[in-house]
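Biologist: I'd like to go through this one with you and ask where the labels come from. Could you put it on the screen?

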Amino acid sequence: MSGRLEGKIACITGAGSGLGQAMALRFAEEGATVAAQDLSREAADETVRLLDGAGHHAFGGDVSNEEDMGTVFGQIYAAYGHLDIQVNNAGVARLPGDGFDEMMAGEGPQISLMSHAAFTKMLAVHIGGAFLCTREAVKLMGEGGSVVNLSSIAGLAGWGSIHYAAAKGAVLAFTRAAARELGAMGIRINAIAPGVIDTPMTARVDEALLAPMVGMTPLRRKGTAEEIAATALHLASDESSFTTGQWISPNGGLITI
Ligand SMILES: NC(=O)c1ccc[n+]([C@@H]2O[C@H](COP(=O)([O-])OP(=O)(O)OC[C@H]3O[C@@H](n4cnc5c(N)ncnc54)[C@H](O)[C@@H]3O)[C@@H](O)[C@H]2O)c1
């Protein structure tokens, strides 16, 4: 039986860890050739080592850096000649100077403790990165191309820090507007807004902060990276061929709008 992504070329940013690595594994299982991109070239190399099949490549670079992404997509073009799937997954939840630790120490609300640099850097990574990678990816895509953006329940409902929620909310609006433009080219673009998922990102968060969210989740557990990879597979593949400009929130029922 052939896979659901047989013959497709898929670029996944942030593929060296967590959700991105799980997507790389699932997409390759389904027949895709994977361009695994990460800020850590070593982490991207490790993901490629885990993949079955030939033709997968690792790429380094910072998604918020225009020059880096110009180089990466130039290398993707040189390696494959085109692209079918782009997953804008790279991200961070915390940044130096974002005031989180001071807020936890009771020094005040995070908004009054956060530096402007931390706020703008968060936007640069998530929405700046989604913009740069989508812009470069669609140059290599034809009819049937699919872009998948990683938002969050933070972007849907304001859960999480203000810089992260602002960045993830922007990803949703970007997805809607880009869908209106890219539809004429036969390219779809959608977003995933996960709830609390068990990855290295959430492992870095104090369990005492996550426990109340998990307690309020009807399914009473964190999601797994494989469950988000399954949603990404649906949006990346032709089985969602009439879906664009939408978001799906695999969150165990925590947010039901
Ligand atoms: N884990 C969750 O609960 C959760 C929930 C909602 C949304 N998300 C989003 O899903 C995505 C993946 O999260 P994860 O949990 O797998 O995190 P993770 O920390 O396990 O992995 C993120 C990867 O992105 C890479 N990265 C970070 N900044 C980068 C940059 N500027 N350029 C290129 N690569 C960069 C990191 O090196 C890392 O390998 C993120 O966008 C995150 O915001 C995660």
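Biologist: What makes you say that the side chains of Arg49 and Glu46 meet in a salt bridge?

Modeller: The rule asks for a side-chain nitrogen of Lys or Arg within 4 Å of a carboxyl oxygen of Asp or Glu. Arg49 and Glu46 come in at 3.0 Å, N to O, so the pair counts under that rule. Before we go on: this is a predicted model, where local features need pLDDT of at least 70 and side-chain atom pairs count only at pLDDT 80 or more, while totals for chains, interfaces and linings use all residues. Residues are numbered from 1 along each chain as its sequence is written, and side-chain values use heavy atoms, with hydrogens and water left out.

Biologist: Why are Arg49 and Glu46 separated by about one helical turn?

Modeller: Because they sit three residues apart in helix α2. Helices here are DSSP runs of H or I with at least four residues, strands are E runs of at least two, and both are numbered from the N terminus.

Biologist: Why is Arg49 called exposed, and what is Glu46 called?

Modeller: Buried means under 20% relative accessible area, exposed over 50%, and partly exposed in between, with a 1.4 Å probe and protein chains only. Arg49 has 59%, so it is exposed; Glu46 has 34%, so it is partly exposed.

Biologist: How do you know that Asp45 forms a salt bridge with Arg41?

Modeller: Their closest N and O atoms are 3.1 Å apart. Asp45 and Arg41 are also in helix α2 (residues 41–50), four residues apart. By the same rule the model has 13 salt bridges, and Glu66, Arg135, Glu136 and Lys139 are linked in a network of them.

Biologist: Why does Asn149 count as buried?

Modeller: Its relative accessibility is 0%, so Asn149 counts as buried. Asn149 is in strand β5 (residues 146–150). Leaving aside neighbours within four places in sequence, its contacts (heavy atoms within 4.5 Å) include Asn88, Thr134, Phe174 and Ile192.

Biologist: What makes β3 and β9 edge strands?

Modeller: Two strands pair if DSSP finds at least two bridges between them. Seven strands form an open, parallel sheet in the order β3-β2-β1-β4-β5-β6-β9, and β3 (57–59) and β9 (247–248) each pair on one side only.

Biologist: How many bridges join β1 to β2?

Modeller: Five bridges join β1 (residues 9–13) to β2 (residues 33–37), and Cys11 has Ala35 as its bridge partner in β2.
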